[in-house]
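Here is a structure to work through by question and answer. Keep the sequence and the 3D view open.

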Amino acid sequence: MKTWPATSSFPVSENVARMQSSATMAAMQAAQALRASGANVCDFGAGEPDFDTPDNIKQAAAKAMHAGRTKYTANAGIRELQRAIIDFYRTQFGTEYEPNEVMATAGGKQAIFNAVVTFLNPGDEALIPKPYWVTFPEIAVFAGAKPVFIETEETNFVLTVDQVERAITPRTRLLILNSPSNPSGRVLPPAQFRRIMELAVERGIYVVSDECYLRFVYPPCEVFSAASLPSELRSHLCIAGSFSKTYAMTGWRVGYALAPAAWINAMLKVQGHSTSNANSIAQWAAVEALTGPQESVGLMLAEYTKRRAWLLNALREIPGMRCTEPEGAFYAFPDVRGCLNKRLKTSGDFAQRLLEEEQTVVTDGAGFGAEGFLRISYATSMEQIQEGIERIKRFTQRHF
Ligand SMILES: Cc1ncc(COP(=O)(O)O)c(C=O)c1O
């Protein structure tokens, strides 16, 4: 009888074989599995708001559905959403984008994916400052390019123009920035951002600025978008934006890209042959998100502000832990190297044993290119944060 090849050895493409699975998704799945087994889990792994999508946004979606707005839309999205995004950037940052410079995407992630794969060729280098959001290097790898990481620990995870300059080679084509940063919560000061952009343009390097935590910054930091840079610098810039965090809409899958028309055109080609358009109902919901009441954003920020202050103090009291103040997003990123020993050699060991012994989920910094650190999300209730800190304290007392 004829024998058929085993299905377990599917011959994935070389580029996909080089990709790593997502460390953040793995932490989320670990929490889900533990919960399913009945454990009382403290979850600091979440990369999403613990708030519900505001009601006015849900109602706009229901209205769109009932009105039959359930068909394909233009690849770039409905005009109303393009207009709402353009108006937001004009009002907030005084920048005038044209409709052919904006497109709606299935989440910020698709905007980044589109931007990177339409630009990089095999053999190109993409500069990625550490610590990085797990997806950045994997998209570069998917495009056949080489991620080149920039160490930033010496400047407390805030990228400098000198660090970028030192990393540039004749093959460098792209730089991926993310401020406020996931996982460090650090914010690139606007003047520094501008100098980095100037250097990039001088050297013919293009920049993807992932601004998905744009609105979540803590005073004295102010909301800053690369969109407010002069137009000569924006010629090399693609902004990836998202509704996921700002409006607690992670499951709706809607985001956007802002870039020069030629780049958007290339991105539309890719999107036109992959997902076509962002979900039509989510696009109508996104219009309401941008044009409707904005109180929910302030309320979430106020809650994150309280949690951040409490968590930061608590982490700093744990012997061996050091934690730089996060200025944005909703993550603390403590250095736990002072808590490691012969049995717990790495931050990965720390995270794994904490999960097993205290049913507490944190994400190992190694997945973000920062071995020795842990990402602790405070997008969870104050009670959970307090309980989780008690468990971490108990764990460290037992081990050190
Ligand atoms: C830094 C960063 N960029 C982009 C995204 C993508 O968000 P979404 O695709 O849900 O808009 C995330 C989500 O966790 C993120 O943390």
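**Strands and ligand**

Leu237, Ile239 and Gly241 point one way from β7, Cys238, Ala240 and Ser242 point the other way, and all are buried. Buried means under 20% relative accessible area, with exposed over 50% and partly exposed in between (1.4 Å probe, protein chains only). The model is predicted: local features need pLDDT of at least 70, side-chain atom pairs count only at pLDDT 80 or more, and totals for chains, interfaces and linings use all residues. Residues are numbered from 1 along each chain as its sequence is written, and side-chain values use heavy atoms, with hydrogens and water left out.

Q: Why is strand β7 largely enclosed by the rest of the structure?
A: Strands are DSSP runs (E, at least two residues; helices are H or I, at least four), numbered from the N terminus. β7 covers residues 237-242. It is largely enclosed because 6 of its 6 residues are buried.

Q: Which residue of β7 stands opposite Val207?
A: Two strands pair if DSSP finds at least two bridges between them. Strand β6 (residues 206-210) pairs with β7 in the parallel sense, over 4 bridges. Opposite Val207 in this pairing stands Leu237.

Q: Which residue of β8 stands opposite Gly241?
A: β8 spans residues 255-258 and pairs with β7 over 4 bridges. The sense is antiparallel. Facing Gly241 is Tyr256.

Q: Which strands stand at the edges of the open sheet of 3 strands?
A: The order is β9-β12-β11, and the pairing is antiparallel. Each edge strand has a single partner, so one side of each is left without a neighbour in the sheet. The edge strands are β9 (331-332) and β11 (363-364).

Q: How far is a nitrogen atom of the ligand from an N or O atom in the side chain of Asp210?
A: A residue is near a molecule or strand if one of its heavy atoms lies within 4 Å of it. By that cut-off 13 residues surround the ligand, and Asp210 is among the closest, with Gly108, Ser242, Ser244 and Lys245. The distance from the ligand nitrogen to the Asp210 side chain is 2.4 Å.

Q: How much of the ligand's accessible area does the protein cover?
A: Side chains reach ligand oxygen atoms: a polar atom of Tyr213 lies 2.8 Å from one, and an N or O atom of Asn182 is 2.7 Å from one. Accessible areas come from the Shrake-Rupley method with a 1.4 Å probe; for residues, only the protein chains shown count as cover. Of the 400 Å² that the ligand has on its own, the protein covers 93%.

Key. Polar contact = N/O pair within 3.5 Å; in protein donor to acceptor, adjacent residues only side chain to side chain.
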